[in-house]
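Hi,

Here is the structure I promised to pass on.

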Amino acid sequence: MRAMVFRAFGGPEVLEPADVPTPEPGPGEVRVRVQAASVNRLDIEFRQTGFGFAGPDFPFPHVGGADAAGIVDAVGAGVTSVRPGDRVVAFTFVACGRCAHCLARRPENTCLDYQLLGVHRWGGYAEYVVVPERNAVPLPEPVPFEQAACLPVSYVTAWHGLVNRCDVSPGDRVVVMGATSATGLAAVQVARARGARVVGVGRNPQKLERLAEYADGAVGLGEEGWPARVRDLLGGRATVLFDTLGTVTWERIHELVDRGARVAVCGRSSGAELQTNLLWLYRNVTSVFFYLSGQRRDLEALVASVERRVVVPVIDRVVPLEELAAAQRAVAEGETFGKVVVRV
Ligand SMILES: NC(=O)c1ccc[n+]([C@@H]2O[C@H](COP(=O)([O-])OP(=O)(O)OC[C@H]3O[C@@H](n4cnc5c(N)ncnc54)[C@H](OP(=O)(O)O)[C@@H]3O)[C@@H](O)[C@H]2O)c1
Ligand SMILES: [Zn+2]
């Protein structure tokens with residue numbers, strides 16, 4: 001099959017087109033003819049360094065791409081929920097199904113032996129991808145493959161934090177830290193779709209202007225006294241904070257959130273070292289949830305929301321697979337607003 005592969009970790013120049021063996025679906029697995037994939041920080045950081053996921057014996061060549069949507073092409077023994085010809089979107093987080101957490105039916109993103117698509121196994125930057133049956137989520141006809149390919153990483157992360165864990169509802173005041181990122185913008189859209197008032201905080205002034213179309217307010221980290229501006233635009237302290245930034249958020253969090261606030265943390269774009277006022281946070285009964293990815297049911301709920309056009313993923317550009325390196329470079333350099341989709 002045609003694929004974009006890399007044979008060593010490094011910059012976008014390590015990506016090269018190649019003809020590699022088409023994977024066969026094993027028992028309980030599904031092969032998907034990929035129609036669209038997308039670009040995430042995860043894909044870039046993994047290609048760059050292995051991102052702490054790859055040991056010294058990591059098997060190259062590797063096909064990245066944590067997101068994929070397409071048409072089922074073949075199924076392995078025992079597969080019953082999908083069949084060839086079905087449209088599906090792949091859920092990135094592959095739980096083992098066998099560990100103590102999986103057997104106890106804990107949320108699948110707490111699996112002790114998980115894999116991520118495009119990281120621990122070949123992903124969406126190829127003509128075909130093989131996933132466990134449980135990771136093939138049916139995609140109704142009205143949802144275009146390009147929109148579906150935006151969902152599994154960025155939008156699932158937003159949904160899992162805001163809806164599944166924080167239960168954002170009308171009446172909530174939500175601040176999204178790093179709202180100019182693809183994941184932050186997804187969070188703004190999800191919180192809005194849930195009826196909350198939403199203010200996004202980001203860095204790039206041009207992107208903040210565009211963010212104003214989606215949020216009830218957009219605030220620049222460069223503005224003097226920006227936390228007060230967030231409170232003004234929200235009409236009070238935030239009841240929910242969604243964090244993709246890390247360091248800069250935690251320095252100022254006590255100026256942003258309300259007593260009893262819920263905080264969902266999924267990123268560290270400004271740094272992973274936190275200096276914060278712990279006394280303030282516990283006196284004010286703050287719930288903080290750190291997490292990776294989400295659950296299959298988050299993706300199912302998102303597919304339904306996109307079908308009803310309650311959430312419409314923001315797509316910056318659609319590029320052919322052969323232009324993956326340039327597309328990843330554009331995302332890495334912060335030139336994009338919303339998702340970059342790769343057409344396969
Ligand atoms: N836990 C999970 O499962 C999960 C899932 C998805 C993403 N994430 C994390 O969420 C974050 C965003 O990911 P993404 O794929 O959405 O990224 P992205 O679209 O590439 O956006 C990254 C953003 O980081 C901002 N940024 C970089 N350095 C900054 C700094 N020093 N101060 C403030 N802003 C800074 C940039 O803002 P400007 O454009 O305004 O300059 C850029 O928009 C990453 O940390 C990623 O690892 C985690
Ligand atoms: Zn498990």
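**What I found**

Strands E1 and E4 run antiparallel, with two bridges joining them. One of the pairings puts Val5 across from its bridge partner Val63 in E4. Before I go on, please keep in mind that this is a predicted model.

E1 and E4 belong to an open sheet of three strands, ordered E2-E1-E4, with antiparallel pairing. The edges are taken by strand E2 (16-19) and strand E4 (62-63); each has a single partner strand, so one side of each is left without a neighbour in the sheet.

Seven residues from domain 1 and six residues from domain 2 make up the contact. On the domain 1 side, the residues that touch domain 2 are four nonpolar, two polar and one charged.

Strand E3 (residues 29-38) is mostly covered, with nine of its ten residues buried. Here is how E3 pairs up:

- With strand E5 (residues 68-75), E3 runs antiparallel and is joined by seven bridges. Arg33 has Ile71 as its bridge partner in E5.
- With strand E9 (residues 128-132), the pairing is antiparallel over five bridges. Val32 stands opposite Val129 in E9.
- With strand E18 (residues 339-343), there are three bridges, in the antiparallel sense.

**The nonpolar core**

Val32 comes up again here. The largest nonpolar core has 104 residues, and the members that touch the most others are Val32, Leu162, Val175, Val176 and Leu241. Domain 1 (2-150 + 313-343) and domain 2 (155-290) each give at least three residues to this core. As background, nonpolar side chains tend to be buried together in soluble globular proteins.

What does Val175 contact, leaving aside its neighbours within four places in sequence? The list is Val199, Val201, Val230, Leu234, Ala238, Leu241 and Leu256. Leu241 is also one of the core members that touch the most others.

**Helix H1**

In helix H1 (residues 41-49), the buried residues are Arg41, Leu42, Asp43, Phe46 and Arg47. Their cover includes strand E1 (2-6), helix H4 (151-165) and helix H11 (324-332). Just after H1, Gly50 has a positive phi of about 90°.

**Around ligand 1**

Which residues are closest to ligand 1? Among the 27 residues that surround ligand 1, the closest are Arg41, Ser181, Thr183, Arg203 and Gly267. H4 and helix H5 (182-193) are the elements that give two or more residues to this shell. H4 supplies the largest share, three residues. Arg41 is also among the buried residues of H1.

By class, the shell around ligand 1 has 15 polar, eight nonpolar and four charged residues. Domain 1 (2-150 + 313-343) and domain 2 (155-290) each contribute at least three residues to the shell around ligand 1.

**Two glutamates in loops**

Glu335 sits in the loop between H11 and E18. Is Glu335 buried or partly exposed? Glu335 counts as partly exposed because 13 other C-beta atoms lie within 10 Å, and the partly exposed class falls between 12 or fewer (exposed) and 20 or more (buried). Glu335 and Arg47 are 288 residues apart along the chain, and their C-alpha atoms are separated by 19 Å.

Glu273 is found in the loop between strand E15 (257-265) and helix H9 (278-283). Glu273 has 9 C-beta neighbours inside 10 Å, so Glu273 counts as exposed. Between the C-alpha atoms of Glu273 and Arg309, which are 36 residues apart along the chain, the separation is 38 Å.

That's what I have for you.

Cheers

Conventions: Residues numbered from 1 in each chain as written. Chains lettered and ligands numbered in written order. Predicted model: local features only at pLDDT ≥ 70, side-chain atom pairs only at ≥ 80, totals over all residues. Core = buried A, V, L, I, M, F, W, Y, C linked by C-beta atoms within 7 Å. Domains from an automatic or database assignment. Contact = placed C-beta atoms within 7 Å. Helix = DSSP H or I, 4+ residues; strand = E, 2+ residues; numbered from the N terminus. Near = placed C-beta within 6 Å. Nonpolar A, V, L, I, M, F, W, Y, C, P; charged D, E, K, R; others polar. Pairing = 2+ DSSP bridges.
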